[in-house]
Amino acid sequence: MTTAPAPDVREAVLSPLTQAELGIWYAQRIDPANPVFNTGQYLELRGPLDIDALRRAIDTVADEADALALRVVETGDGPRALVDERHRPRLQQVDLTAAADPLAEARARIVRDMQTAVDPTRDPVAVQVLYVLGAGHHIWYQRIHHIAIDGYGTTLLTARICDLYASFVTGREPVTVPFGPRNAVVAAGQDYMASDRFAADRQFWLDQFTDRPEPGSLTPRVALTSHHYLTVNVELPADVGERLVALSASSGVVWPDVLAALSAAYVQRHAGGDEAIVGLPAMERLGRAAARVPAMVMNILPARIAIDEDAPLDEWLTRTARHLQRLRRHARYRGEQLRRDLGLIGGTRRLHGPLVNVLPFDAPFELPGLESRLEIVGTGPVDDMTITWRADGSGRGLRLELDANPELYSIDELKAHADRLGHFLARAVEARRLADVPTLTPAETTHWVRTVNDTAHPVPDTTLVALIERQMARRPDAPALRFGGVTWSYGEFDRRTRALAAALARRGVGPETIVAVMAPRSFELVTALVGIMRAGGAYLPIDPAYPADRVATMLRSSKAALVLAFAADAGRLPDGVPVMLLDDLQQLEADESTPLTPPSPDNAAYVIYTSGSTGEPKGALIEHRAIVNRLEWMREFYGFDESDRLLQKTPATFDVSVWEFFLAFTTGALLVVAPPDAHRDPAWLAAIIREERITTVHFVPSMLAVFLADPASAGLELRRVFCSGEELTAALRDRFHEVIRAELHNLYGPTEAAVDVTWWNAGPHDRSSPVPIGFPVWNTQMYILDGRLRPVPPGTIGDLYIAGVQLAREYLNRPDLTAERFVPDPFGPAGARMYKTGDLARWRPDGAIEFLGRSDFQVKIRGLRIELGEIEAAIADTGAVSQVVVIARDDRPGDRQLVAYLVGRNGAPDVDAIREQLAARLPDYMVPAAFVVLDELPLSPNGKLLRSALPAPDLRAGAPVRPPRTATEAALVELFADVLGVADGPSAVGVDDDFFGMGGHSLLAAQLMTRLRERWPIDGGLGVVFAHPTPARLAEYLDRSQRGPADTPDDVGLGPVIQLNRTPGDEPALFCIHPAGGLAWCYRRLARALEPARNVYGLQARTLDPAAPAPPSLDAMAADYAATIRSLQPQGPYELAGWSVGGILAHTVAIHLRDAGEEVSLLAMIDAYPCDRWRNEPPPDESAALRALVLIAGHDPSTVPASQLTREGVTAFLRAAGHPMGALSDEALSGVIRVVSHNSLLVRRHHHRVFDGDVLFFRAALDHQGTTLSPDEWRPYVRGTIDVHDVPSLHAHLMGPEATAVMARVLNGRGSAVSRNG
Amino acid sequence: MSNTKPDPAPSLTLERVRADIARILQADEADIADTDNLIDHGLDSIRLMALTQEWQAAGAPVTFDQLAAWPEINYWFSLLHGGRPIH
């Protein structure tokens, strides 16, 4: 039996929206054009369908389910719900049997419908369609806006319709009972909000989130909800489901909870940290009122799930299930409410990461005598990712469905997640503890451990000494070394280094002897380095500028046997250290008799001390085999040859100098040594590069930025420039290619792995941001691992490890430090080691590595790991800075803040603009609290950034309140204070204070919007406040849109509605419809001449936006305008006016309004004539459109010479005439011309229907000489009177002051008559 | 329950029903009153489905929808023993 609910709930009275409905409403309001809020499904039915029975079932349900007739009405107190009887979804039947492919046609229509945004203030929220595809083949499609339904509600609805159908067809009693009224849900919600339970639940959730954790996700990116989402479906092997059920039995945790817990563990593998915060949909449906009401009721619980990888799995699952159960006891508290409580409103602030949805009741819908197949085509917005597990009640038929925001995930990434998560689950359900479960699939592990590291390449097993000696012997006369304008040949270089080697050998230097060198750049320095190695020893560079105690420490800890130094520096050496003076090097006799013991490939070549960010310096000892690999790779990979001229400018203490010193000598090329102080003088360097015809040079990125900023670098041409030592930003790469013609290569490597281990070609076509450090060099493996040394997935941040031939042997004499950083390589052969770089990195999908900063620069703010490199990259990408560094400062105890240091690219950068761009791109906790603009960044002697020298920002205690500067700002500050209830009043609100940061939320934003609309003309929706949340930004927006088109040459005022006059009064508004040009500004004068003052809206062509699709007909345009008008003024009587084509449109709009049962009290047609007379004329060309444009602008087109009838010519004409359209951008003007042409076409195709009211007609009495144009032509299309008023004007001048005055008099007189009579 | 039909599920005593509910909600029996709204003890569809299946297996003629409509021990107990569902 189907009883209709009591009549009282049927009444079309306004009721509040529930919290759940409000949540959807505000989300849709942020982006009214977003169709993702459509939920939809269809059943494909095969067999003899009883269409009448289906119609009866659907009609019955339409009458029961009030939510399906929900219409939102905006009131001064916020949105309200109206059950609109006209919107109850009756079955629409569409016959597609004539289509070529009826099934494809139905699907295409469904896709189109799903992609059409629904406006809940205007459109029906639900539709039911039956597509007839052929005999015994149908598709039954239902689409419902998410504000009216949730997933469970859809199931209720479909099940009830199927049940009723079955009862009608078979005559049995229905199994289901009629739905309860939506009012019961509303009342239950209100009762709850007023209950003690509500307060207790609130406190519970606030306690859960007191430390304000930042939720991680499967991607580091954030984005707003897109207009669609991606979906991937996989079925899991049956044995996984069996093991899951077994695990459920052994742990005593129901399997849906096992899936939720393990999904959270999977999220944590990507997000890092020791917990995951996932969203758990809570149906919220059980219970007295809501159980059987199809409506939007669902809630999302933000579940913080601690991940304990070491605990026995059973135990962790039990603990987690207990925690989830605790959360469920407070499941009625809305997630949106909690977000407001926590101030997480607006932008991309999140309460939780991915949603985990377990649907254990996956049962098919059945209709008697029919085969049915369910297809779900939309389930509402997906902010990040939704992980859905489906199975039947006993855990069989386990399926995984991933839905994802395409702004955040590619389809390939999504497929990879489906595989990975499926595998993770399969391994987890049989694991002893989570720690044993790999994150990656076996195929992924192979890829990210082996394939990307497939770098095996033959390199001779030799020494650097042997490689250099070969070149010395091969071409003794070739130039080897230049310094201060003097050149040594390879022969001379051979003799001098041999002589030094012999002298050193005489003093006992041989393999594994460490010899320190403390010298500025000079012939002697280079001779010393090569001489030491030829003697078999290893060199240890010491900067002469180092403090004496540091020098002493290095000598002591390295146990260097000897120091080579100039006399001038020797005095700074500690007493008792054996010294050999470099001043005497030139006098050394050739010595062929002393035997040398050349090193072998596994002997030490050099020791370089690294300062490290903490602790005392440590010396990385590199063997010959390692540096030979590095040098041979570079020589061959970049094609170095004898014609190359390399510049040596890096201090020897910095390992970049190693290839600078020796690559020329292993190639047979020339090394040019820069004067000692030249490396920090851009102009000097540029001069050397030019004069010495340098082909290859290295820069640390900070120094490169300085170099490029100097005019001397402009136009330099080289073969290659290498960057390493610091992060190369995308902005710097791009700047480089603007200034210098050369290849640009980004290299990466620590001193502990023979200079560089990865390469990236940052050429002019590289668009990567950030610039990767790239791919491993020969015979080298790079791993990115988590804290348990498991490979991480691409995109996930991990620790960077290096393995392979280039690793240092050790930290000299520091076995403790060596053991700490050089650890067993779990992926290599027995005994292989890997080096823990202390750097954070992630894989790009293509296998390139992105560097994300030092792990020790990693900071935690609000408990969240923040990668400073990512913030720096985002700032660099604004293009406004040439250099940037972000650090976390603790200048005030307990108040750690991010500070950005900027060097402007062209003068001081606009910090506000940068902050705004960052806010758009990064989560708010990653936007620095302070920006400090510097002339240059402080650099260390090595040219590296000196972090300790960065000044503290000027952050006064208590954020300064920036007072308003303009009247608009002052007004807004007051409004903010008022709406937000700021206790200290407007003086406590600064113009940069964020509405949402001060406790504003969607409800308050709506109030603010209402208040704003009282004072300013605003076209946009609630999104305006979200996009401009501070008084300063909102003022700027308001001022810009208020200035309007007449005095601002921008495109504001091109929207579909402009408000031409505004009044607080409640006179019916006048809607003026644009003429052929699509713009409605022309009515501005008329709008202001009306008395009493009234609201006047101009409707403009949507096609002014070049991206908007062209309407198919004038009738479609008019239908659209009628809908827009009703959204601005929900009820009649309506008053319309239109000039020219606008009159034709107004006539059609009036008919649409009448169709909808509305009253039209005024249709004013201003010199508009029916379409019939143009029907047979040829379509206009562009010059006709341009002439029309001139006419629309109020000028006689014949005064414009034919030669000027071009876009440029007409623009010039309009500008010269001072017409505001002349100020339009070219793009906007193109839009206007497009509209004119298109409207001409549509007019020719339009056929009038009959308007059943009266028409007020203004005729341009001075025009139409010699034509038969007459208002009487409207006779067939107007049932009422046509009241004609002659205006002494040409058609083109009707919007001028004189004509306007005449028309206003008529309209005003009529208006008062209406008031009197009405 | 003034019907003459035999009790369909004699094994589902009030004590057992209370114990089943407390177990599935991981709560103390003593904390749940017979007139409490079980939603406030964390009842959700998954747990309700599990209970429904258990009790159906014990012979009770109840459906998920019926139990969901009024989640309260007293009412459930009457349903389990052939009481009339409310709507």
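Figure 1. Of the 87 residues in chain B, 48% count as buried (under 20% relative accessible area, with exposed meaning over 50% and partly exposed in between; 1.4 Å probe, protein chains only). This is a predicted model, in which local features need pLDDT of at least 70 and side-chain atom pairs count only at pLDDT 80 or more, while totals for chains, interfaces and linings use all residues. Residues are numbered from 1 along each chain as its sequence is written, chains are lettered from A and ligands numbered from 1 in the order in which they are written, and side-chain values use heavy atoms, with hydrogens and water left out. Chain B has 4 helices and 0 strands (DSSP runs numbered from the N terminus: helices are H or I of at least four residues, strands E of at least two). Along the sequence, the pattern of chain B reads α-α-α-α.

Figure 2. The side chains of A:Arg182 and A:Glu21 form a salt bridge with an N to O distance of 2.8 Å (a side-chain nitrogen of Lys or Arg within 4 Å of a carboxyl oxygen of Asp or Glu). Because A:Arg182 belongs to helix 5 (residues 182–193) and A:Glu21 to helix 1 (residues 19–30), the pair ties together parts that are 161 residues apart in sequence. Both A:Arg182 and A:Glu21 are buried.

**Figure 3. A salt bridge between two loops of chain A.** In the salt bridge of A:Arg88 with A:Asp66, the closest N and O atoms are 3.0 Å apart. A:Arg88 lies in the loop between strand 4 (78–83) and strand 5 (91–95) and A:Asp66 in the loop between helix 2 (51–64) and strand 3 (70–75), so the pair ties together parts that are 22 residues apart in sequence. A:Arg88 and A:Asp66 are both buried.

Figure 4. A:Arg197 and A:Asp201 form a salt bridge, their closest N and O atoms being 3.7 Å apart. Being 4 residues apart in helix 6 (residues 196–208), A:Arg197 and A:Asp201 are separated by about one helical turn. A:Arg197 counts as partly exposed at 26% relative accessibility, whereas A:Asp201, at 0%, counts as buried.

**Figure 5. Surroundings of A:Tyr606 in the largest nonpolar core.** This core has 91 residues, and A:Tyr606 is among the members that touch the most others (a nonpolar core is a set of buried Ala, Val, Leu, Ile, Met, Phe, Trp, Tyr and Cys residues joined through side-chain atoms within 4.5 Å). Not counting residues up to four places away in sequence, A:Tyr606 touches residues including A:Tyr539, A:Ile627 and A:Val755 (contact means heavy atoms within 4.5 Å).
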